[in-house]
Amino acid sequence: MKKIITILSVSLGLLAFAACSEKTETTPEYPAAESLSINQTALQLDGIGATATLSATVAPTTAAVTWASTNPAVATVFNGVVTGRGRGSCEVYAMAGDLKAYCAVTVGHEIPTSSLVVDPSELTVKAGETATLTVTALPEDHTDEPVYAWSSSDETVATVNGGVVTGVAAGTATIKVVTGTIEATCEVTVTSDAPTPTDNPYLVNLTTQYFPYDWASADATQDNITMEAWVKPSSFEGSNDNIYSIVGTEGIFLLRFEGSQLNLVYGGTKKSNGEYNEKKVTYSTNFSTGEWHHVAATYAKGGDVVLYVDGEQVGKNTAEDHGIELNGIGATWVLPFKFYVGVSSNNRYFKGSIADVRIWNKARTGEEIKADMRKAAPSTSGLMAYWRFNEGSGNTVKDYSGNGRDITANAALTWIEAERPF
């Protein structure tokens, strides 16, 4: 019996082997895709967890299609079902062989910036110091990336760069930040530690004394400027070329007497040697010695050049399309072409008393000049230097603008004790 069972088992095994030997096992093969597309090229999902289904059309229809996402942190896709995973944008795509078809997916609706808030909205800063403003875009869940543009309503008072405000001179200015059509502002007050001008009863008497000054690079070129002074000539004789210079820079912007007539000389077009062609505004009235007069000149780049006497406009011309280079242009006669009070480059000395010399980084109006020609407040916007010339001793004249621009004479000064009529 045992022998019969063994023979039967072997026979069955041989039959099974024979059956397996006759069967060939094969792996399914898909044809190469010839075209591929999906039913949507853009898809908006309301938020995380939201789904939508894409379908792919492939030819031949038996070609295999798979799906993928360029950023699974934003959206995933499985068999065409797209699921939002995080706010943002990405692409999902179908693949068939070497072919791909894309759909742009955005998860969460775009929320644009609707308003801006600047902190602080009011600011007080000293001249020469800085403070930083911050801007917040609202609503807090905005999805855009606003680009900010900053500006100042008066850069002679305060400037701004990327939210950093710098006080320039005493006064007020509005700092504005803008993105698109949306804006916000900060009201800035700039204070100065300027000393209070004194009323000492002294005058300086100039013969061959003068005051040089080198302006810092940040102030050396001004597109708009005003220079003014009180003058009491004692002589219109004996100076080189019969010219008596009050204040300014030779060949650039200079208030001076030619004989006894007041002139403003300023640079016109620039020559090949770097100097400027001379232009003038002339007041053809002869001044008398021993009399006080207030003289002023303004320059607005690309605008007007105006000459004033005792607060009244007496001459006008057209300004050039260049700024005023206070430190000169490198030329030298007897003295360098630079800024002086009381002389210009060819030893053209002013003879007499000079007082209340003021330099402004703005082209002041006739009304402004007339309103404070007798004494300006040091806190007035745009005042760069204010020399009263009433020290009574020594060779240094104090700057009352608060900018620390004291000037020192080239030689010992002669002081006269006398009442000042202004």
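## A buried glutamate in a loop

Glu391 is found in the loop that runs between strand β33 (383-387) and strand β34 (396-397), in what is a predicted model. Although the side chain of Glu391 carries a negative charge by the convention used here, Glu391 is buried and has no salt bridge. The nearest side chain of opposite charge belongs to Arg420, which lies 7.2 Å away, whereas a salt bridge would require a side-chain nitrogen of Lys or Arg within 4 Å of a carboxyl oxygen.

## The largest pocket

The largest pocket of the predicted model has a volume of about 370 Å³, and 16 residues make up its lining. Of these lining residues, Glu155, Val168, Ala218, Asp219 and Asn361 are the ones that lie nearest the centre of the pocket. Divided by class, the lining of the largest pocket comprises 6 nonpolar, 7 polar and 3 charged residues.

## The enclosed cavity

For cavities of 30 Å³ or more, the count comes to 1, and the largest cavity has a volume of about 40 Å³. The lining of the largest cavity is formed by Ala127, Ala169, Ala170, Ser192, Pro378, Thr380, Leu383, Ser401, Gly402 and Asn403.

Notes:
Residues numbered from 1 in each chain as written. Predicted model: local features only at pLDDT ≥ 70, side-chain atom pairs only at ≥ 80, totals over all residues. Heavy atoms only, no water. 1 Å grid on protein atoms, 1.4 Å probe; cavity = no way out; pocket = protein on both sides within 12 Å on 5 of 7 lines; lining within 4 Å. Points joined across faces, edges and corners; volume = space filled by probe spheres on them. Nonpolar A, V, L, I, M, F, W, Y, C, P; charged D, E, K, R; others polar. Helix = DSSP H or I, 4+ residues; strand = E, 2+ residues; numbered from the N terminus. Buried < 20%, exposed > 50% of the residue type's maximum accessible area, 1.4 Å probe, protein only.
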